[in-house]
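This report looks at helix packing and at one residue elsewhere in the chain. The sequence and model come next.

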Amino acid sequence: MPPSSQQVALLDDRPFFEKALVYGVRNGIVTQQKLADILNDAPKGMVQIAEFFGTQYLRPNIEEARARIVNLVSLFLEEGSGGDLARAARSLRDQSFLSHSRGGSEMLKRLWAMPEDGSYGVLARQSQKEFLDDWSLRTLAEYRQALAQRQSHQLTIAAGLWFAEDLGMAAAEVSTVAVESVIRTAMLVYLSATTPAAVPNAAGLIAIFDAIRKKGIPAKGRKRLQEIFKVVPEPYRAVARRELKRVEAEDLPKVLDASQPMNQLIRDLEPLYFLRDFGPEDASLFDAAVSEDWQRITGGKTDDNTLLTIFLCLAADIAPKPALSRATARALVRKLRADGFRKQPVLAFIRASAPYEMQDDLAVLWREFAAEAEAALLDAADTNCRDALDFLRDNGNVV
């Protein structure tokens, strides 16, 4: 029994460029002369790509370059045409093959330039060449998923900077922060009716919590919030409402629970908020909470391997430990691969729990290590986790 047309379509895994080209030739859209032009341009582009990523003189490089250029053209064609073969064929007719390849490359460069997450001022981005090396062989579905994620991060960052400026802090003053914390801080400040509305320092945050615990959310705070939502740019409103919901559902119940000691409240909530410069004058407010937590988690050890082991646990969203069994290390790797590598909670932990005088050095240690660790631990080719476990033994404590 012959397969249905739907089954044939499902089995057609040719690159989109090839499908569009065949369609164009069969339907008289792409002429023989245009086909000859494509066959003449393709080797030139392949040599350029092979030279960019390695050398044009090795056959494997040329073979890989062929796959790259076909994929780049396919990305550009399918995204631009919306998957319409006739429209894609007309594009091949009207523009050169190399212009399509450049178009695919520009798509990926724009993707690379967009934020990888909601962090602002924390830049541990891989080089553009490394990014293109990987993404020039990715599918359109992967591109679209990454584009949607990065556009969301871009919107969140823009919203965070808007709220920072509304609270009197210029974008240039905002650095090394998850922008959700800026928006969360703004929502709390508006709700508390703090005057003037400004980014608090550590003492200011404690004062806000204390005032809410004693008197609840004032009516003028709700009114202030309504006024803000009238003037905030429309694209930012959904982001702001998301953070407001978190403040109301997750933070305020803890603040209003008088049975919870203020020191515990600060340990739980301070890492979620964005504060003005945390200087020595603020450190005394947190010393008692910090020293207890830091000693409990680190066991008093400050060597890099111990600290990096703890940081990786936080990045995997598991209970921090100064040393891991082999089974726990394997479970950590699997969780990172399933749920993603979370960099920001580590910086939040350092800021909230590390001794003040160590915080800058620890933040540098983590930022320099994170990119290498993410690449090593999330390597899909390492299916049995052997390389990942070796990396953990070399850079952490696996017993």
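## Crossing of H2 and H5

H2 and H5 are roughly perpendicular to each other (an angle of 65 to 115 degrees). Their axes come within 8 Å and cross at roughly 85°. Axes are lines fitted to C-alpha atoms over the stretch in contact, with angles from 0 to 180 degrees between N-to-C directions. H2 spans residues 16-26 and H5 residues 85-94. Helices are DSSP runs (H or I, at least four residues), numbered from the N terminus.

H2 contributes Phe16, Phe17, Lys19, Ala20, Leu21, Tyr23 and Gly24 to the contact; H5 contributes Leu85, Ala86, Ala88, Ala89 and Leu92. Contact means heavy atoms within 4.5 Å. The contact residues divide into 10 nonpolar, 1 polar and 1 charged. Here Ala, Val, Leu, Ile, Met, Phe, Trp, Tyr, Cys and Pro count as nonpolar, Asp, Glu, Lys and Arg as charged, and the others, Gly among them, as polar.

## Model basis

This is a predicted model: local features need pLDDT of at least 70, side-chain atom pairs pLDDT 80 or more, while totals for chains, interfaces and linings use all residues. Residues are numbered from 1 along each chain as its sequence is written, and side-chain values use heavy atoms, without hydrogens and water.

## Buried side of H2

Phe16, Phe17, Ala20, Leu21 and Gly24 are the buried residues of H2 (under 20% relative accessible area, 1.4 Å probe, protein chains only). They pack against H3 (32-53), H4 (59-81), H5 and H6 (97-113).

## Serine 192

Serine 192 lies in H9 (residues 179-192). Serine 192 is buried, at 15% relative accessible area. Serine 192 touches Ile208, Ile212 and Pro218, not counting residues up to four places away in sequence.

How values were computed: Helices (H or I, at least four residues) and strands (E, at least two) are DSSP runs, numbered from the N terminus. Angles under 35 degrees count as roughly parallel, over 145 as roughly antiparallel, 65 to 115 as roughly perpendicular and the rest as oblique. Buried means under 20% relative accessible area, exposed over 50%, partly exposed in between (1.4 Å probe, protein chains only).
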